[in-house]
Amino acid sequence: MRVRVDLKPEELPRSWYNALADLPFELDPPLDPETMKPIKPEKLLAIFPRPIVEQEASDQRFIPIPEEVLKEYAVYRPTPLFRATYLEEYLQTPARIYYKYEGVSPTGSHKVNTALAQAYYNKIDGTERLVTETGAGQWGSALSYAGKKFDIPVDVYMVKISYEQKPMRKYLMNLFGASVTPSPSEKTSFGKSILQKDPENPGSLGIAIAEALEVALSDEKTRYSLGSVLNHVLLHQTVIGQEIKKQLQIIGDKEPNVIIGCHGGGSNFGGTILPFLPEKLSGKDIEFVAAEPTACPSLTEGEYRYDFGDSAGLTPLLKMYTLGKDFIPPKIHAGGLRYHGSAPIIARMVKEGMITPKSHSQEETFKYAKIFSQLEGIVPAPESAHAIAAAVEYALKAKEQKREMVIVFTLSGHGLHDLTAYA
Ligand SMILES: *Cc1c(COP(=O)(O)O)cnc(C)c1O
């Protein structure tokens, strides 16, 4: 029988956990590409609202979640933790495997956790329009939903090839009232310049970011919103790990050996592991495992250095593991993991040996995604399937070594919008 641990509504975390307060090192600051000096907060304020800029560099350990955001979290949180008994049985492993399921959110992934917070802070800071980019549409749909909730219009620049090939999430964004523009577009001078050279350009995340930033910078009341990588995004995602802690306590397995998440920009992974940082720092034997695709192996094969956050070279320089901003990842189905860089917090922890990065091939991840769907009754997002592959690897290791092991992973989203990938 599958075991499910639910928290009561009143057990929803009331604060986000800010790992910057506890990490035993100071992060290298983001640099302004014009001066190569640490970027001035005023420059960030042209793009982000003040509370977000403050959170980005805050050293306060617990940051209270505003009531308005808690109310919206309560629509789908706390999310369930399952014990993967069917998978355990299939693998014949002595390991106990748990997974935290974020696919129950309104748009089917963890991204709503930060979208709601960002939309709220923009609202109270007077932002009148939010603009962002999206690849396959996970982030765009999360922000569209949040914009509707906090009454801010949302404009999404969606990579043209996805816009044409994967219209489902475009419909979802439209359903939540957002306007979706295929990128490159005629709406920005950057988009126009691309189309002049090549009217058939299929678009890229880099071009879409450039267009969204151009729009945000051209109007004082329009701001930009980012769905991963930055400290404040990881901060908002810590509701995931905090809930896991309580759920493990309830089930009586409060000392996990391995905690796993898939890693694209690092937000669901960071949100999962960071709340366990104090335990790790106090000497508990917990391994943090970041699962990425072999096709886009930023943490396992990238270089640790300053690089642009986007491929157009418009953002501040971030110190991270990177494959180079010009790296064009193969078109694997896990669109959310096709990012050249990593979150600076996660990158530094990898550098310090506090995180084990692992990579898995598309073939292997889909193999386990299919098995997982059939056993556990949840179709995983292709991104999340990387976490499953890593969990299976550890569970088989436990079997080989004949030892008990407690493995926890985050299933960041469902794959019901990704069935063409399965096909
Ligand atoms: C976007 C996305 C990811 C990757 O982003 P992170 O910031 O690394 O979490 C992973 N899983 C799903 C379902 C996504 O939508």
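Reply: What follows takes the ligand and its contacts, and then the salt bridges.

This is a predicted model, in which local features need pLDDT of at least 70 and side-chain atom pairs count only at pLDDT 80 or more, while totals for chains, interfaces and linings use all residues. Residues are numbered from 1 along each chain as its sequence is written, and side-chain values use heavy atoms, with hydrogens and water left out.

The ligand is surrounded by 18 residues, the closest being Lys-111, Ser-228, Gly-264, Ser-267 and Ser-412, where a residue is near a molecule if one of its heavy atoms lies within 4 Å of it. This shell divides into three nonpolar, 13 polar and two charged residues, on a scheme in which Ala, Val, Leu, Ile, Met, Phe, Trp, Tyr, Cys and Pro are nonpolar, Asp, Glu, Lys and Arg are charged, and the others, Gly among them, are polar.

Several polar contacts (pairs of N or O atoms within 3.5 Å) can be listed individually. A polar backbone atom of Gly-264 is 2.7 Å from an oxygen atom of the ligand, and an N or O atom in the side chain of His-110 is 3.0 Å from a ligand oxygen atom. On the side of the ligand's nitrogen, a polar side-chain atom of Ser-412 lies 2.7 Å from a nitrogen atom of the ligand. Of the 380 Å² of accessible area that the ligand has on its own, the protein covers 97%, areas being taken from the Shrake-Rupley method with a 1.4 Å probe.

Turning to the charged pairs, the whole structure holds 24 salt bridges, each being a side-chain nitrogen of Lys or Arg within 4 Å of a carboxyl oxygen of Asp or Glu. In one of them, Glu-243 pairs with Arg-77, with the closest N and O atoms 2.9 Å apart. Because Glu-243 lies in helix α12 (residues 238-251) and Arg-77 in the loop between α3 (67-73) and β4 (81-83), this pair ties together parts that are 166 residues apart in sequence; helices (H or I, at least four residues) and strands (E, at least two) are DSSP runs, numbered from the N terminus. Both Glu-243 and Arg-77 are buried, meaning under 20% relative accessible area, whereas exposed is over 50% and partly exposed is in between (1.4 Å probe, protein chains only).

Asp-6 and Arg-4 also meet through their side chains in a salt bridge, at 2.7 Å from N to O. Here Asp-6 is partly exposed at 40% relative accessibility, and Arg-4 is partly exposed at 48%.

Terms used: A polar contact is a pair of N or O atoms within 3.5 Å; within protein, one must be able to donate a hydrogen and the other to accept it, and residues adjacent in sequence count only if both atoms are side-chain atoms.
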